[in-house]
Amino acid sequence: MARQVVFLTLYFLLLPLCVSAQRNFTAVSYNCENLFDVRHDSLKNDEEFLPDGERAWTAARYRQKLNDIGRVILQCGGERENWTLPDLVGLVEVENDSVMLSLTRRSMLRGAHYNYVMTSSPDERGIDVALLYNPFRFRLIHSEQIVITPLPRQRPTRNILYSTLLSAYGDTLHAFVVHAPSRSGGQHLTEDYRLFVVDKLLEKIDSIRSAAPMPKILLMGDFNDYSHNKSVKKIIASGMEEASSDAVGKYHPQEVVGTYYFRRQWESLDHVFVSSAVKSLRCFIYDADWLLDTNDAGNHTPRRTYLGTHYHGGVSDHLPLVLHFHFPETNTSLLP
């Protein structure tokens, strides 16, 4: 552990000097599964994630989950001499700014010095999405929420997070983090709601394209639909490439062929898309053994934080997607 701390410290000290030698980037998309703090928000239905709530969510369990999420993010950067800090991290199911502050400043991720932006959505449970960005590699130019007005007879959902960032080489990146409406109640009964969210997303992408030719766009998150569903097909039909379409586990590529395990099979509700001006180099699922359980059939499954209301001690019911990508060389200047 001491050796790792020294390595991380040296990395962050030297990164501004060697950034020009690194032309590739890494993005992570991760559904954290109910990353709640232990304080009650009187405006939200978060009672089950309180110390006296149904799940007995304690400060110790909260700290453990924060450190586990931080560990996942760091390990998504690779191993040994090939390790690098992920440049962008899209997080889904984070409760509020207090959680993000604790994750970036008080967990084992604090040495990474990430900055972040997040939404403040009308979701009844209080969950939102966030984007972490490495300030040595990206500078935030602008961030906003794309507000999603609920459809009739549908619950409020999460707003879309849209951020414009400037890379260390002068490239402008338009990054979106999405958590589409749940499939709870049935896929067909909720499909129109997800299509509505995608329409709002594509309206913004169209406005970006009309303002500049060949924009660099990165879109990631939990879309609560699979690749064969209408909402994902609509994104692809708009000209976005599904970089995660063939993603499999880094360590269990024959078995882990999705980010989410449901009804005894792996599927992917999580997706990463890029525009034609972003070159996808490799996309995989980070499936380290400590993130997995083995079920009664002998198959790997995500090691969840809870099984029902029983505390299980895992990290999430989803596995993260990791994308390596780069831009065409247009400007080699460092950030001012």
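## Ala212: a partly exposed loop residue

Ala212 counts as partly exposed, because its relative accessibility is 31%. The classes work like this: buried means under 20% relative accessible area, exposed means over 50%, and partly exposed lies in between (1.4 Å probe, protein chains only). Ala212 sits in the loop between helix 4 (187-211) and strand 8. Helices (H or I, at least four residues) and strands (E, at least two) are DSSP runs, numbered from the N terminus. Between the C-alpha atoms of Ala212 and Asn67 there are 40 Å, and the two residues are 145 residues apart along the chain.

This is a predicted model, where local features need pLDDT of at least 70 and side-chain atom pairs count only at pLDDT 80 or more, while totals for chains, interfaces and linings use all residues. Residues are numbered from 1 along each chain as its sequence is written, and side-chain values use heavy atoms, with hydrogens and water left out.

## The whole protein

The protein has five helices and 18 strands. Its radius of gyration is 19 Å, close to the 20 Å that the globule rule gives for 336 residues, so the protein is as compact as a globular protein of that length. The radius is taken over C-alpha atoms, and the globule rule is 2.2 Å times the number of residues to the power 0.38. Along the principal axes, the C-alpha trace spans about 55 × 50 × 45 Å.

Buried residues account for 54% of the 336 residues. Now take the contacts (heavy atoms within 4.5 Å). Of those between residues at least 6 apart in sequence, 73% join residues at least 24 apart.

## Surface and charge

The protein exposes about 14900 Å², and carbon and sulfur atoms supply 52% of that area. Accessible areas come from the Shrake-Rupley method with a 1.4 Å probe; for residues, only the protein chains shown count as cover.

There are 35 positive and 39 negative side chains. Lys and Arg count as positive, Asp and Glu as negative; His and the chain ends are not counted. The centres of the two sets lie 3 Å apart. Each charge is placed at NZ of Lys, CZ of Arg, CG of Asp or CD of Glu.

## Helix 3 and its cover

Helix 3 covers residues 97-105. Its buried residues are Val99, Met100, Ser102, Leu103 and Thr104. What covers them includes strand 1 (25-35), helix 2 (59-75), strand 2 (88-94), strand 3 (115-118) and strand 4 (128-133).

Look at the start of helix 3. There, a side-chain oxygen of Asn96 comes to within 3.2 Å of the backbone nitrogen of Ser98.

His179 belongs to strand 7 (residues 172-179). It counts as buried because its relative accessibility is 4%. A polar contact of 3.2 Å joins the side chains of His179 and Arg158. Such a contact is a pair of N or O atoms within 3.5 Å; within protein, one must be able to donate a hydrogen and the other to accept it, and residues adjacent in sequence count only if both atoms are side-chain atoms. Setting aside neighbours within four places in sequence, His179 also has contacts that include Asn31, Val92, Glu93, Asp222 and Asn224.

Asn224 lies in the loop between strand 8 (216-222) and helix 5 (230-237). It is buried, because its relative accessibility is 9%. Not counting residues up to four places away in sequence, Asn224 touches residues including Arg158, His179, Arg194 and Leu269.

## Exposed loop residues

Arg153 is in the loop between strand 5 (138-146) and strand 6 (160-167). At 82% relative accessibility, Arg153 is exposed. Its phi is near 65°, a positive value in a residue other than glycine.

Met214 is in the loop between helix 4 and strand 8. It is exposed, with a relative accessible area of 55%. Phi of Met214 is near 50°, again a positive value in a residue other than glycine.

Asp52 is in the loop between strand 1 and helix 2. Asp52 is exposed, at 70% relative accessibility. Asp52 and Val38 are 14 residues apart along the chain, and their C-alpha atoms are separated by 9.6 Å.

## Ile236 in helix 5

Ile236 lies in helix 5. Its relative accessible area of 36% makes it partly exposed. Leaving out residues up to four places away in sequence, Ile236 touches Glu242 and Phe273. Ile208 is 28 residues from Ile236 in sequence and 17 Å from it in space, C-alpha to C-alpha.
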